[in-house]
Amino acid sequence: ILHLDGTCEGDTPQLISAMDEISSLVLGNIKLPSEKAATLIPFLKKLQADYGNPLALVYDMGGGILDAVATVFPETPDYICHFHFLRDIGKDLLNNPYQQFAKQLKNTKIKAELKKLAKKLSHEISLLTEESAARTKAELERTYTLTLWILDFSSELDGYGFPFDRAHWVFYERLQKVNSTLKIIHEQVPFLTASSLQDLYRIVNMIDSQAEILEYVVILRERIPIFEELRAAMRIACPGNSQGLKDHGEDTAVEMESIEVQLTKFKE
């Protein structure tokens, strides 16, 4: 079962790899100027001459690979890689609103403000003594913890890249969660005017006045659950899986028919 894929960085040549899924042996590697059919066909013909026709082919949806495979292995059953399929649909669904959302979020400079606050709080905590007021100490430590938690948003990512990992969205959601937490704290013990909690509250609320951001938040809140529903149906690159791009789907083998049933329900 022949797996084909290419990778490159920037404008460098494509490194095309061919692997047999059954034996896990790499059957061939080649550097090509592009992933166009004209450059791929001689490579595939060499594989065919060395190993014969595969039982099946698996690859992404690149136009060059599609055309080359149709030329060299016209009668061989071929399949689209589920990961690439899911990723491409996710990009179609999310990329435009997400990129606009990320751009507007960066313009607020909220992350820089939080880093500045964290540095200030760290210094103030280092100056605390046993004689320092208990409320002052508790407030500084609480504010510092909440600030660091927001800035640690990348720990929530799974290593699959966009659209599976949405770093800016996770950052935004943490801002919202801390905002809700601060409101509860304020109801219990009102903030002092010059308190550190008040400083943090001001920063996390900077988004509320940004109509451009909120416009894309509405779109993403609608579309992200749709993508996650498809992701669950296909049972690959699942949230919380630490394998990243080495993920092959669920640990236990899943019958293709059961995935098809879930996809049919999703489409309906």
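**Exercise 1. At what angle do α8 and helix α9 pack, and how do they run relative to each other?**

Solution. Start with the axes: those of α8 and helix α9 (residues 256–267) lie 8 Å apart, and the two helices pack at an angle of about 160 degrees. Here axes are lines fitted to C-alpha atoms, for helices over the stretch in contact, and angles run from 0 to 180 degrees between N-to-C directions. Helices (H or I, at least four residues) and strands (E, at least two) are DSSP runs, numbered from the N terminus. Next, apply the classes: under 35 degrees is roughly parallel, over 145 roughly antiparallel, 65 to 115 roughly perpendicular, and the rest oblique. α8 and α9 are therefore roughly antiparallel to each other. Finally, look at who meets whom: Ile226, Glu229, Leu230, Ala233 and Met234 of α8 are in contact (heavy atoms within 4.5 Å) with Ile259, Gln262, Leu263 and Phe266 of α9.

A word on the model before going on: it is predicted, so local features need pLDDT of at least 70 and side-chain atom pairs count only at pLDDT 80 or more, while totals for chains, interfaces and linings use all residues. Residues are numbered from 1 along each chain as its sequence is written, and side-chain values use heavy atoms, with hydrogens and water left out.

**Exercise 2. Which residues of α6 meet α8, and at what angle do the axes cross?**

Solution. First, the axes of α6 and α8 come within 12 Å and cross at roughly 105 degrees. That makes α6 roughly perpendicular to α8. Then find the partners: from α6 come Trp169, Tyr172 and Glu173, and they meet Leu214, Val217, Leu220, Arg221 and Ile224 of α8.

**Exercise 3. How many salt bridges does the structure hold, and where do some of them sit?**

Solution. The structure holds 8 salt bridges, each a side-chain nitrogen of Lys or Arg within 4 Å of a carboxyl oxygen of Asp or Glu. Let us take some in turn.

- Glu124 pairs with Lys120, with the closest N and O atoms 3.2 Å apart. Both lie in helix α4 (residues 110–126), 4 residues apart, about one turn of the helix. Glu124 is partly exposed at 25% relative accessibility, and Lys120 is also partly exposed, at 38%. (Buried means under 20% relative accessible area, exposed over 50%, and partly exposed in between, with a 1.4 Å probe and protein chains only.)
- Glu228 and Arg231 form a salt bridge at 3.0 Å, N to O. They lie 3 residues apart in helix α8 (residues 211–234), about one turn of the helix. Arg231 is buried at 2%.
- Glu156 and Arg174 also meet at 3.0 Å, N to O. Glu156 lies in the loop between α5 (134–151) and α6 (167–188) and Arg174 in helix α6, so the pair ties together parts that are 18 residues apart in sequence. Glu156 is partly exposed at 37%, whereas Arg174 is buried at 7%.
- Glu113, Lys116 and Arg202 are linked in a network of salt bridges.

**Exercise 4. Where is Leu27 found, and which residues does Leu27 touch?**

Solution. Begin with strand β3 (residues 25–32), where Leu27 is found. Its relative accessible area is 23%, so Leu27 is partly exposed. Now list the neighbours: not counting residues up to four places away in sequence, Leu27 touches Leu2, Ala18, Met19, Asp20, Leu47 and Tyr51.
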